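Grab a pencil and work through these exercises one at a time. Try each task yourself before you read its solution.

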2 protein chains.
Amino acid sequence: MPATSRDVARAAGVSVATVSRAFSSNGAVSEATKRRVMAEATRLGYYPDPAARRLITGRSGNIGLIVPDLANPFFADAAKGVERAARQRHMGLFISDTDEQDRLEPEAVRRICRQVDGLIWASPRSAGDVLKEVTDGVPTVLLHRRIPGWWSVSADIGDGMAQALRNLYSLGHRRIAYAGGPERSYSGQLRLEGLLGASAELDLDIIRLGSFAPTADGGILVADLVLATGATALVAYNDTMALGAISRAVERGRRVPEDLSVIACDDIAYARMTIPPLTTIQVPRHEAGSEAVALLDELMADPQATPKEKILPTQLVIRRTTDVPRV
Amino acid sequence: MPATSRDVARAAGVSVATVSRAFSSNGAVSEATKRRVMAEATRLGYYPDPAARRLITGRSGNIGLIVPDLANPFFADAAKGVERAARQRHMGLFISDTDEQDRLEPEAVRRICRQVDGLIWASPRSAGDVLKEVTDGVPTVLLHRRIPGWWSVSADIGDGMAQALRNLYSLGHRRIAYAGGPERSYSGQLRLEGLLGASAELDLDIIRLGSFAPTADGGILVADLVLATGATALVAYNDTMALGAISRAVERGRRVPEDLSVIACDDIAYARMTIPPLTTIQVPRHEAGSEAVALLDELMADPQATPKEKILPTQLVIRRTTDVPRV
DNA sequence: CGCTCAGATGGAACCGTTTACGGCGCTACA
DNA sequence: TGTAGCGCCGTAAACGGTTCCATCTGAGCG
């Protein structure tokens, strides 16, 4: 139904080859005929068929994004960054959500990979060799995950955690608890390493509460535990968990930050809207997404280039859930 | 580089036609050869190339989704619902984010529409004839938008608003303010109609505060205005705006719900984590997404079928930001 | 004036599938 | 025993572009 290059060629009185050259602009066409072709093309509403083009050139003009959970603001923002960067480059975007289940990833990749020129993959848990096997051949940059030998963009969350701990220390806190996220999570490791590094440096023991779901419900569990330890400050895996913990602590008659200081991680949009607004570690989620596209661009241009690992800085932002201990 | 049907055909000692038949399972192949073909295919890692298949059949096995803002939990959840439903049907998903700018929509649609068999389009503002012109030929179902003659799935937000108003009335509120969202927004109209309908029924005048950005910052503006009116209750365009309004009101020394009851709309995940948790109108966002895919499936199966408009119910959920007026 | 060369253009092969069409072998029936 | 019919399969023509190669047309130069 839509116009083909043949239609345009006939209308403009040229061959399909010339039409193709006018559009792909890599062959030589005279300025006059190019204008004529373009005029006829817009008149007929012609646009080169991506499938046909992909078949012969091998390039689809699309990239793929695989995330564990689109509804999680952390990844939603990343997706938004990816989307905008892709749009600026006139690339289409395939998205696949794996529902936090690693086992769905291979299937998702396989479905996508023949239709894209490159892949951005946020896989918090899958093992490196699994990834390797699955992507085979498709240029891939990892998002919020670093594996030696892979292209990746991630955030220096370990440093953010260290900033958090040093800040609490300087406020006078000495009993500080940490509530971890899902086991085996890559960024969970990062957090822990940053925290332990800083605590060794300060000669401080951190109270490790264990591993919790990174949700508000997980935070409720955390609150009950942290209150039992007598800690004056809590560092939470992410904002959502912190929100749950705070609401539970308040429900149990504690005040935040007077009785318990709380530092969260991610700085999602809602972190600043809560009462009190969350002190949290800001990670450049949006920028991570667009940066991943930039790297993917480089990688697709030269698949043999040596892998780059971009690490974005994080920043502790002080709002109202931290204060000096009052105990 | 990846194996083609020719490779498989050679390996299995058959023709490419037979390989094709074995995969598309609409031609006649004997059980024995089908098994042999499949065995060779998996051995070689063969999978029919979607682009080549699309070129000849016209079907890509993909659907497209266009949303104004992926980072907005309202649409993120919808996208998630769409994604899951698409995955269950073994369809790929193209996503385009238009950054809330109607003028980017035509471009987004054009980019997408040749690569998909159908489109799900959440366009809060664009005029109906613009949509018609742009999609031409691509089966489309509208999401959270109703236009006569189009397939669509939306939520009965007007009814939710009526529920909200009746609830406030029954609590004893008589001075009730409404803070609207973006002008020209379709779901904004829906809200207003629902509200006005119920207010006429209750013989109550609503204090209309005007039109605000549906963000926390917008909510701050709202708070200052509503405090000036002396209203005892506020109905806000969405949760985010309500959050902003509440935090501003609290900052200015008012208590919620004692001094001001607040009802929001959407029931995003964070609505239940705030302090106090938000009374809000729950709209089935996820379900709307998956329902849209189901409708699109029907539409793609029979493009001539008469349009269906699915309207999902909404439900007021009472949490802690509403109470009897204490003034 | 003839030759060379560069730039513009057309012809045709090709990308990897699907599918209409026809051939082949076999069974069943007259 | 001849043949109609059927199940299975191969051949080849599409689908809509891109690109190699050949051809043509002038311009420039000796």
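## Exercise 1: Around strand C

Task: Find how many residues surround DNA strand C, and which are the closest.

Solution: Keep in mind that you are looking at a predicted model. Start by counting: DNA strand C is surrounded by 29 residues, and the closest are A:S15, A:A28, B:S5, B:A17 and B:S20. Next, ask which elements they belong to. Two or more residues of the surface near DNA strand C come from each of α2 and α4 of chain A and α2 and α4 of chain B. The top giver here is α2(B), with 6 residues. Finally, sort this surface by class: you get 14 nonpolar, 12 polar and 3 charged residues.

## Exercise 2: Around strand D

Task: Now do it for DNA strand D: which residues come nearest, and which element gives the most to the surface?

Solution: First, the count. There are 28 residues around DNA strand D, and the ones that come nearest are A:S5, A:A17, A:S20, A:A52 and B:A17. Second, the elements. In chain A, α2 (16-24) and α4 (50-57) each supply at least two residues, and so do α2 (16-24) and α4 (50-57) of chain B. For DNA strand D, α2(A) gives the most, with 6 residues. Third, the classes: 14 residues of this surface are nonpolar, 11 are polar and 3 are charged.

## Exercise 3: Two copies, one relation

Task: Work out what kind of axis relates chain A to chain B.

Solution: A turn of 180° with a shift of 0.1 Å along the axis puts chain A on chain B with an RMSD of 0.3 Å. That is how a two-fold axis relates two copies.

Now look at where they touch. The contact takes 36 residues from chain A and 36 residues from chain B. On the chain A side, α4, α5 (73-88), β2 (92-97), α6 (105-113) and α11 each supply at least two residues. β2(A) has the largest share of that side, 6 residues. By class, the side of chain A that touches chain B holds 20 nonpolar, 8 polar and 8 charged residues.

## Exercise 4: The build of chain A

Solution: Compare the two values. Then check the spans: along its principal axes, the C-alpha trace of chain A covers about 85 × 40 × 30 Å. What is it built from? Chain A has 12 helices and 12 strands. Of its 327 residues, 52% count as buried. As for contacts in chain A with a separation of 6 or more, 70% of them come from residues 24 or more positions apart.

## Exercise 5: One helix up close

Task: Take helix α10 of chain A and find which of its residues are buried, and what they pack against.

Solution: Begin with length. Helix α10 (residues 216-229) of chain A has 14 residues and reaches 20 Å from its first C-alpha to its last, close to the 20 Å expected at 1.5 Å a residue. Then go inside: A:A216, A:G218, A:G219, A:I220, A:V222, A:A223 and A:V226 are buried. These buried residues pack against β6 (176-180), β7 (206-211), β8 (233-236) and α11 (239-251) of chain A. To finish, step just past the helix, where A:G230 takes a positive phi of about 75°.

Notes: Residues are numbered from 1 along each chain as its sequence is written. Chains are lettered from A and ligands numbered from 1 in the order in which they are written. This is a predicted model: local features need pLDDT of at least 70, side-chain atom pairs count only at pLDDT 80 or more; totals for chains, interfaces and linings use all residues. A residue is near a molecule or strand if its C-beta atom, placed from the backbone, lies within 6 Å of it. Helices (H or I, at least four residues) and strands (E, at least two) are DSSP runs, numbered from the N terminus. Ala, Val, Leu, Ile, Met, Phe, Trp, Tyr, Cys and Pro count as nonpolar, Asp, Glu, Lys and Arg as charged, and the others, Gly among them, as polar. The expected span of a helix is 1.5 Å times one less than its number of residues. A residue is buried if 20 or more other C-beta atoms lie within 10 Å of its own, exposed if 12 or fewer, and partly exposed in between; C-beta atoms are placed from the backbone. Two residues are in contact if their C-beta atoms, placed from the backbone, lie within 7 Å. Copies are superposed by least squares on the C-alpha atoms of residues with pLDDT of at least 70 in both.
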